[in-house]
Amino acid sequence: FISMHLFAENGHQLWLRSGSGKSINVVCNKKSSTLNIAEEELKSGWKGQAGKNIYLIIKRDDLIKGDGFILSDNKIQANTDLGILYGVYELLRRQNVGDDIKFDVCNPAYEYRVLNHWDNLDGTIERGYAGNSIFWRDGEDAFVVKEEDKVLWQEYARANASIGINGTVLNNVNASPEMLTHNVLNRVKAIADILRPYGIKTYLSIKFSSPSMIGGLETSDPFDSKVNEWWNEKAKEIYQLIPDFGGFLVKANSEGQPGPQDYGRTHADGANMLADAVKPYGGVIMWRAFVYQTSEEDRAKQAYNEFMPLDGQFRDNVIIQVKNGPIDFQPREPFSPLFGAMKSSSIMPEIQITQEYLGQGIHLVFLAPMWEEFLKSDTYRKGKGSTIANCTDGSLITQKYTAIAGVSNIGLDANWCGHLFAQANWYAFGRLAWNNSLTSEQIANEWLIQTFKNTDQKSAIFNPDWELNFLKPIKQMMLDSREAAVNYMMPLGLHHIFAAEEHYGPGPWWAPKGIRKDWTPPYYHQADSVGIGFNRTATGSNGVCQYSENVSLLFSNTITCPEMYLLWFHHLSWTYKMKSGRTLWDELCYRYDSGVKQVRHFQTVWDKVQPYVDFQRFFHVQRKLREQSRNAQLWKDACLLYFQQYSHLPIPYDIERPV
Ligand code: GCW
């Protein structure tokens, strides 16, 4: 029943919509389950000339790296079966989008392109806005592998493979120790078996204290030989079930999770113990650097303080997973100073696809511009041009492994992601993980064409002006959407001013007694009668000193600090003169107001494309935009009225009054 309901939903097909039915001949020099999929996909999705011969050739070529491939008009060549599959998806994508299919060597930017699901064993998802988990459920049938589970996992695998994703962590980083028990591991095996032909490796998040919680040991101290033995045995058990198991993801000594520091050991000690356990099987440990404690030290500085001194101490199969910004997936953050700095470890960026801090399942926010901004940020760690992309993909700093992770936005919702346009964020993650120099514009263009063009009678075949009247305005809306969210939520470098723990609405005032102060917004905005912003220069927390000299100088000086980060690094008076000539207070008012206006504009843009979209998807997006627009106004009104209590300045006349 569930899958019938899923198939009936128009959004369920994602960017993968049917082909033309034109027949071609596919010739392949090898057989495997992955190559079968490649052949089938090519035959059913082919949009080129009918009757053509296409050759799929597995042959070593030094131009090809990893699962890359060489594309040409009638041939795909790769070193691996998976490379062929990726080549097929690329060819079909180009046919769909109308791009040239010419000789082209396509290699992945990152070797490990991994989704992180924050799914709990009871089926709920931490920060998930698209229903329950596609992997786990509660109840008596929790461990029954049903036909419809398999169908769904296969569709999931296919969607991921089509954009180059090759790994998935099946459970929350706030991990249950139960994850490593018999029944659960059997289900992991069932999932891994479905994902394998699509080239997707399975990983698990583990709880560091598992040996004492489920193993009957007295301690989980990484220096205890019984603990080591327990992990070695566990690894053996897992690899017997899943020979190509990817490895573990670990959140340790962070937000109350156990870790090596509980036993007086370091992150390196903990990570190395696990690394040794999976090493014989080729596994890796993804160890998160998302750590901070309630202390006098600025939260933004803590990860760097803890991890920098450990550089060089990790085993070579440990990858340090670093969130894009130094705080926590905010609508806008400067990059984490760890990027480019830890030169003797493998470092992987972690970005968040699920919109925890960007309107969740309600706001239309295309995240590619945020990730593009991040990847192109220059760390200056090896001179000008040391972008995050170059520092993490192996081109500038040698790493044993290159990798990138995205926190998934996928759930049981009929359209997978809750908001139809949130599918574009899943898509964008995969595309950027494969090619970290793609532009947001290219990605939006590809996604829109594949998702909306030629999908029913309302679309392009019947509407020759589709590109002008649908593609162009909707693409622009997507490209503007992230900046709009920054404007109506927290412009000019403001951050973490959300209400309570749910991270959706505004709450710059929220600071109940007894709660950790680094969990309250006033800690971050620091508004007072003089001004607003967090002073991270030498006269404040000196967070700037963690960046390379060039970047530190750039951010320290109010003149050179990009205005988008101004209040991240500086506490400035309400009457501080901005580049626009306005005072800081007036500028803040304008930014909030323009964010609201942008969303109202998106509503009119969407309304105009009704002739081009099936009614189901049209009304879905229209309804969401309506709510986003109301909530954007709420953000603006709440923030301006709250901050006005400190600024004591009037709202500029040409701005809609907050009420
Ligand atoms: O973004 C914050 C979230 C937590 C999350 C944590 C983390 C999984 O609010 O829900 O926990 O970060 O990334 O570990």
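Me: Where is Arg127 found?

Reply: Arg127 is in the loop between β6 (112–116) and α4 (147–162). Helices (H or I, at least four residues) and strands (E, at least two) are DSSP runs, numbered from the N terminus. This is a predicted model: local features need pLDDT of at least 70, side-chain atom pairs count only at pLDDT 80 or more, and totals for chains, interfaces and linings use all residues. Residues are numbered from 1 along each chain as its sequence is written.

Me: Why is Arg127 called partly exposed?

Reply: The count is of other C-beta atoms, placed from the backbone, within 10 Å of the residue's own: 20 or more is buried, 12 or fewer is exposed, and in between is partly exposed. Arg127 has 18, so Arg127 is partly exposed. Its phi is positive, about 60°, although Arg127 is not a glycine.

Me: What makes His503 partly exposed?

Reply: His503 also has 18 other C-beta atoms within 10 Å, so the label is partly exposed. His503 lies in the loop between α14 (466–489) and α15 (521–525). Phi of His503 is near 65°, a positive value in a residue other than glycine.

Me: Why does Ser209 count as buried?

Reply: Ser209 has 21 C-beta neighbours inside 10 Å, and therefore counts as buried. Ser209 sits in the loop between β8 (201–206) and α6 (210–214).

Me: What is Ser209 in contact with, leaving aside its neighbours within four places in sequence?

Reply: A contact means C-beta atoms, placed from the backbone, within 7 Å. On that rule, Ser209 is in contact with Pro177, Ser220 and Pro258.

Me: Why is Arg657 called exposed?

Reply: Arg657 has 9 other C-beta atoms within 10 Å, so it is exposed. Arg657 is in the segment after α19 (615–647). From Arg657 to Asp193 the C-alpha distance is 58 Å, and the sequence separation is 464 residues.

Me: Which residues surround the ligand?

Reply: Trp118, Glu126, Arg127, Val173, Asn174, Lys251, Glu255, Phe290, Asp328, Phe329 and Glu356 surround the ligand. The test is a C-beta atom, placed from the backbone, within 6 Å of the molecule.

Me: How does that shell divide by class?

Reply: The shell has 4 nonpolar, 1 polar and 6 charged residues. Ala, Val, Leu, Ile, Met, Phe, Trp, Tyr, Cys and Pro count as nonpolar, Asp, Glu, Lys and Arg as charged, and the others, Gly among them, as polar.

Me: What does the domain assignment give?

Reply: An automatic or database domain assignment sets the bounds: domain 1 (2–105), domain 2 (112–438) and domain 3 (453–534 + 571–659). The centres of domain 1 and domain 3, taken over C-alpha atoms, are 40 Å apart.

Note on methods. Two residues are in contact if their C-beta atoms, placed from the backbone, lie within 7 Å.
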